[in-house]
Amino acid sequence: MTSKNSGLSAALVSNLQDVLSKRKGVVNDGSAEEPPPSTSDSLDVAAKNEEESGDDDSRPIVLVTNGDGIDSIGLVSLVEALVKEGLYNVHVCAPQTDKSASSHSMTPGETISASSVDIKGATAFEVSGTPVDCISLGLSGALFAWSKPTLVISGINQGSSCGHQMFYSGAVAGAREALISGVPSLSISLNWKKDESKESDFKDAAGVCLPLINATIRDILKGVFPKDCSLNIEIPTSPSSNKGFKVTKQSVWRQSPSWQAVSSNRHPGAGNFMSNQQSLGAQLAQLGRDASAAGAARRFTTQKKSIVEIESVGVAGKTESRVKKHFRLEFVAKEQEHTDDDLDIKALEDGFVSVTPLSLLPNIDSETQAAASEWICKYLNADQ
């Protein structure tokens with residue numbers, strides 16, 4: 001266990017080491033043991049009978065979300081592991097569809113739905129919004145009978161959220177929203193590789209990070225877990241052969257965004273589908289604001305007639321009509337050299353489980369602060 005520059009409490013590290021010492025397969029030889037058997041027979045709880053299960057009320061409440069959608073294997077594996085522990089009252093509030101790379105976006109001014117979902121042992125809702133919407137709604141007191149769980153866990157995300165990818169990640173944003181609301185949180189990601197990873201890796205990943213989850217909840221209940229800190233946990237590509245936990249710092253690594261032009265002829269349905277999806281909310285909102293729905297519909301039809309759809313392969317020529325082009329965004333991994341062993345991406349690539357403390361507090365280094373202050377002073381003095 002590496003603990004320098006951790007930002008973690010000594011008690012948390014001590015408890016984590018104690019837990020991991022009992023699971024030597026994770027730290028020493030890299031194998032991940034199965035979670036201990038369930039200690040409760042009353043875990044099969046659905047939303048409709050939540051109030052009837054009074055025995056569960058005394059257990060710590062854990063709220064789970066993620067960025068890949070409620071049906072994703074990562075979320076399912078995590079919830080199954082938590083339920084099997086039998087120690088927690090597990091609730092789920094997750095996007096009904098994939099909301100990867102949604103960052104900290106929310107959906108103000110629009111109606112979103114929350115529908116109950118059958119997940120064995122948990123009370124679950126799928127929400128027609130982002131991960132941040134899910135956490136905000138879950139903590140509001142409007143959806144569940146409580147408004148402050150013991151811990152929020154966002155994951156398990158399919159793909160690394162190291163470095164600057166954290167700014168794009170919906171999974172990390174879900175944990176950040178909990179921290180903003182004063183609730184301790186963890187975000188968990190698996191370093192998924194297309195031609196190498198398999199679905200069973202998510203079950204292994206859940207088993208690997210379960211000791212850290214248990215230690216976190218225990219320290220929260222003791223009042224010794226850092227109050228202004230969220231932990232971002234990155235699981236290596238082969239969870240069962242990980243080299244142990246390593247406390248890390250956020251790197252500047254990120255995948256490169258690649259925008260590809262899409263031909264409407266090669267993909268005849270893509271343009272119309274995206275147009276309908278992106279403009280539906282705006283159309284409905286406009287119809288609601290107008291005194292005459294028919295008048296709004298006529299205006300939208302008139303605007304639509306002036307749109308000219310062209311091939312997305314070059315710069316559009318001059319035209320009096322509006323132009324619509326189609327593009328698709330993909331993130332492409334790029335090779336980078338990482339020399340600092342304390343960085344999240346370096347630890348992950350070396351086979352460690354990276355644990356990075358994240359804070360909402362400003363973390364600008366003194367040199368940058370001094371340089372920025374000097375520039376601002378020069379500007380203000382010159383302007384006078």
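Which residues touch the most other members of the largest nonpolar core? They are V64, V79, L82, V92, I188 and I213, in a core of 40 residues. Helix α6 (residues 200-222) gives this core its largest share, 10 residues. A second, separate core holds 13 residues, including I61, F125, I135 and F144. A nonpolar core here is a set of buried Ala, Val, Leu, Ile, Met, Phe, Trp, Tyr and Cys residues joined through side-chain atoms within 4.5 Å. Buried means under 20% relative accessible area (1.4 Å probe, protein chains only).

The model is predicted: local features need pLDDT of at least 70, side-chain atom pairs count only at pLDDT 80 or more, and totals for chains, interfaces and linings use all residues. Residues are numbered from 1 along each chain as its sequence is written, and side-chain values use heavy atoms, without hydrogens and water.

Now the chain as a whole. Of its 384 residues, 44% count as buried. The chain has 10 helices and 13 strands, taken as DSSP runs (H or I, at least four residues; E, at least two) numbered from the N terminus.

Back to I188. Beyond residues up to four places away in sequence, I188 touches L78, I153, S154, G155, I156, N157, C209, I213, I233 and I235. Contact means heavy atoms within 4.5 Å.

E234 lies in strand β7 (residues 230-235). E234 is buried yet has no salt bridge, meaning a side-chain nitrogen of Lys or Arg within 4 Å of a carboxyl oxygen of Asp or Glu. The nearest side chain of opposite charge, R176, is 11 Å away. The E234 side chain does reach the backbone nitrogen of S161, at 3.1 Å.

Conventions: Buried means under 20% relative accessible area, exposed over 50%, partly exposed in between (1.4 Å probe, protein chains only). Lys and Arg count as positive and Asp and Glu as negative; His and the chain ends are not counted. A polar contact is a pair of N or O atoms within 3.5 Å; within protein, one must be able to donate a hydrogen and the other to accept it, and residues adjacent in sequence count only if both atoms are side-chain atoms.
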